[in-house]
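Subject: Structure handover

Hello,

Here is the structure I promised to pass on. Please open it alongside this email.

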Amino acid sequence: MALEFKLLAEDDLARLGKINTSHGCIDTPAFMPVGTYGAVKTLSPKALMDLDAQIILSNTYHLMERPGIEIIKKHDGLHGFMSWERPILTDSGGYQVFSLAKNRSISEEGVTFNSPLNGDSIFLSPESCMQLQSDFGVDIAMALDECTPFPIKKTEAKESMLLSMRWAQRCRDNFKSETSGLFGIMQGGMFEDLREESLEKLIEMEFEGYAIGGLSVGESSEEMLEIVNFVSLKMPKKSPRYLMGVGTPLDILNCVQKGIDMFDCVIPTRHARNGYLYTSEGTVKLRNSKNRDSTDPLDPNCCCYTCSNFSKSYLFHLDKTREVLGSTLNTIHNVYFYLNLMKQIRDSIKQNKFKAFVDKCRDTWDNSNYPHIEK
Ligand SMILES: [Zn+2]
């Protein structure tokens, strides 16, 4: 079955929907935990199932580098390789054009990376990127694009966006799958007219979904939100809208409010390993000495495995002694928090009470408690 999106309800601009794939459905707004190398750090696929993660994100470039496509093909694709039965989305490698800028060169044909691991030369073209994601057998593939840095001059943003759009067309022409969908990625930096031009070109190519790329690359939350606000109003209503690489819980609420359906970010998993935990009462910095002898759970209102069984004192101890279990328990809690947030968002949209839910959350959370995230 190919990808199918149903818009079920709207509350102002916020949308409730469902994406059906051949590996199961995804309720939207959705958050996708990040499993770059085919593993969400510290969590087994069973733990992810217990958390009711409906989809995870993995990465074409990194999987191509290690273990390589031949090994994944021997397992009939990424689902078999990592033993995960639910939907998978793979990013195309466009983000690595940005994050590995010192190790790559771009031409009309594609991107050549010099692997930081072993110096091997790795070439990714729109055509090979589509072939790889098709061989992975993922449910949602992403077009190859050039993710630009922030800030960038308008002339450079335009040239890059036009290249990304020519690549998008080549991706569309070469992606042939009966069972999965391809999303186009909008670029254009912080320039509204370039974003609009990019989106119009993508819509003409008719993708199964549309993503906003090139954000969460160093701009402020306010600048990010301005672009999301501008483009989301112009994005097709009948297709899923995916904001790549975002964000904090507050970013997610703000962007759902603008009509975004899908998110991914390393924040909950990376922060968990560093002892930064999201709770219903605000953020907890586990390494703070006041947690050393606290027999309270991390979050008295949380039903996750960690909060149901362990005290802050025990989690503090595991972190202090660098026990791997500490990272696992922290990650279970943060991923539960994110997925439970999405569930509460969906429930509030269904009941036409989303704005009240946002206001309640804003009163409790403080984004500024968190250090800047580098992917
Ligand atoms: Zn918890």
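Predicted model: local features only at pLDDT ≥ 70, side-chain atom pairs only at ≥ 80, totals over all residues.

Residues are numbered from 1 along each chain as its sequence is written, and side-chain values use heavy atoms, with hydrogens and water left out.

**Surface charge**

E192, E222, E223 and E226 form a negative surface patch. (Patch residues have over 30% relative accessible area and no salt bridge; like charges are joined within 9 Å, nonpolar side chains (Val, Leu, Ile, Met, Phe, Trp, Tyr) within 5 Å. A salt bridge is a side-chain nitrogen of Lys or Arg within 4 Å of a carboxyl oxygen of Asp or Glu.) The biggest contributor is helix α9, residues 221-232, with three residues. (Helices are DSSP runs of H or I with at least four residues, strands are runs of E with at least two, and both are numbered from the N terminus.) E226 sits in helix α9. E226 is exposed, at a relative accessible area of 55%. (Buried means under 20% relative accessible area, exposed over 50%, partly exposed in between, with a 1.4 Å probe and protein chains only.)

**Helix α6**

Helix α6 covers residues 126-136. Its buried residues include P126, C129, M130, L132, Q133 and F136. They lie on the same side of α6, because they cover an arc of only 160 degrees around the axis.

**Cis peptide bonds**

R66 and P67 are joined by a cis peptide bond, with omega about 10 degrees. P67 is in the loop between α2 (60-65) and α3 (69-74). The bond from V246 to G247 is also cis, with omega near 5 degrees. G247 is in the loop between β13 (241-243) and α10 (249-256).

D52 is not a glycine, yet its phi is positive, at about 60 degrees. Look for D52 in the loop between α1 (45-50) and β5 (56-59). D52 is partly exposed, at 45% relative accessibility.

S83 is not a glycine either, and has a positive phi of about 55 degrees. The loop between α4 (78-82) and β6 (88-91) holds S83. S83 counts as exposed, with 55% relative accessibility.

Best wishes

How values were computed
Areas by Shrake-Rupley, 256 points an atom, 1.4 Å probe, with all protein chains shown as cover. Lys, Arg positive; Asp, Glu negative; His and termini not counted. Charge placed at Lys NZ, Arg CZ, Asp CG, Glu CD. Arc of directions from axis to C-beta.
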